[in-house]
Amino acid sequence: MVRGYRTISFEAATLLACFPPLDILGERDARFYDRIRALRQSGGSASYHAFGALRRQEHRRALTTWCARLLGDWYAHEPVVSAILPAFEAWMRRKRRVTFRLTQVLTGHGCFGEYLCKIGRETTAVCHHCGADQDTAQHMLEACPAWTAERQVLVQEIQRNFSLRSVMSAMLRRESAWEAVVSFCETVMVQKEIAERSRERTDPARRRQPTGRPPGLKAPLPGAE
Ligand SMILES: [Zn+2]
């Protein structure tokens with residue numbers, strides 16, 4: 001459904017996976033059951049067609065409930081959640097896969113200096129590829145000069161608006177934009193992961209303690225996705 005670091009919020013993870021919280025799904029199924037029972041008790045026939053229509057109605061209602069909850073929640077301000085919510089319905093209908101590295105870029109929880117510093121894997125948030133003070137997902141996506149060549153295809157698809165909301169909107173409008181973003185994330189994140197492992201090998205102080213639990217999900221080897 002979705003693969004990412006376990007530090008991602010519940011709200012972001014379920015939204016990325018298009019999987020509503022279980023209490024909402026439970027209420028959906030209970031309402032569906034009650035409506036079918038009421039239909040039968042009133043003498044109506046629960047045909048296959050009526051069954052499907054009721055099911056779809058209740059599912060739409062559940063999604064509306066979920067969206068309203070997210071909008072009213074503190075997590076609505078989380079970048080990935082606020083980027084998806086304006087296109088909530090299109091997001092729920094998406095056919096394309098959310099890859100591990102796309103999830104890293106959308107959530108910022110991944111091989112970025114700022115995040116690695118926050119979880120104690122780096123001593124500084126600096127970008128090792130260009131020297132910028134803060135290596136974040138947005139820096140990688142929009143500004144880091146190390147990825148100018150890789151960014152060219154992306155620019156053609158999403159123009160020059162690299163806000164997460166704009167990128168998300170373009171991805172949901174055109175499959176070619178979705179593919180361009182996924183491809184950019186794969187190409188760049190693989191290089192960042194290789195560089196991070198190389199730094200880890202050459203600096204023993206940065207290696208994880210064998211007795212400690214790593215704070216994030218270990219990234220797969222390049223090409224393992
Ligand atoms: Zn940089």
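1. Thr103 lies in helix α6, residues 100-107; helices here are DSSP runs of H or I with at least four residues, strands are runs of E with at least two, and both are numbered from the N terminus. The model is a predicted one: local features need pLDDT of at least 70 and side-chain atom pairs count only at pLDDT 80 or more, whereas totals for chains, interfaces and linings use all residues. Residues are numbered from 1 along each chain as its sequence is written.

2. Thr103 is buried, since 22 other C-beta atoms lie within 10 Å. The criterion is that a residue with 20 or more other C-beta atoms within 10 Å of its own is buried, one with 12 or fewer is exposed, and one in between is partly exposed, with C-beta atoms placed from the backbone. Beyond the neighbours within four places in sequence, Thr103 is in contact with Val2, Arg3, Gly4, Leu16 and Val98; contact requires C-beta atoms, placed from the backbone, within 7 Å. Val2 is 101 residues from Thr103 in sequence, yet the C-alpha to C-alpha separation is 7.7 Å.

3. Helix α6 packs on helix α11 (residues 175-202) at an angle of about 90 degrees, and the two axes are 8 Å apart. Axes are lines fitted to C-alpha atoms, for helices over the stretch in contact, and angles between N-to-C directions run from 0 to 180 degrees. The pair α6 and α11 is therefore roughly perpendicular, given that angles under 35 degrees count as roughly parallel, over 145 as roughly antiparallel, 65 to 115 as roughly perpendicular and the rest as oblique. On the α6 side the contact involves Arg101, Leu102, Gln104 and Val105, which meet Val181, Val182, Cys185, Glu186 and Met189 of α11. By class, this contact of α6 with α11 comprises six nonpolar, one polar and two charged residues; Ala, Val, Leu, Ile, Met, Phe, Trp, Tyr, Cys and Pro count as nonpolar, Asp, Glu, Lys and Arg as charged, and the others, Gly among them, as polar.

4. Helix α11 also packs with α10, at an angle of about 125 degrees and with axes 5 Å apart. This makes α10 oblique to α11. Val167, Ala170, Met171 and Arg173 of α10 form the contact with Ala177, Trp178 and Val181 of α11. The residues of the contact of α10 with α11 divide into six nonpolar, no polar and one charged.

5. Within α10, the residues Val167, Met168 and Met171 are buried. Viewed down the axis of α10, the buried residues fall within an arc of 100 degrees, so they line one face of the helix; the arc is that of the directions from the helix axis to the C-beta atoms. These buried residues of α10 pack against α4 (79-84), α9 and α11.

6. Helix α3 (residues 48-71) has 24 residues and spans 35 Å from its first C-alpha to its last, close to the 34 Å expected at 1.5 Å a residue. The expected span is 1.5 Å times one less than the number of residues. Ala62, Trp66 and Leu70 are the buried residues of α3, and they pack against α1, α2 and α4.

7. Most residues other than glycine have a negative phi. Cys18, in the loop between α1 (10-17) and α2 (22-41), has a positive phi near 55 degrees; with 15 C-beta neighbours inside 10 Å, Cys18 counts as partly exposed. Gln159, in the loop between α9 (148-158) and α10 (164-173), has a positive phi near 60 degrees; with 10 C-beta neighbours inside 10 Å, Gln159 counts as exposed.

Key
Two residues are in contact if their C-beta atoms, placed from the backbone, lie within 7 Å.
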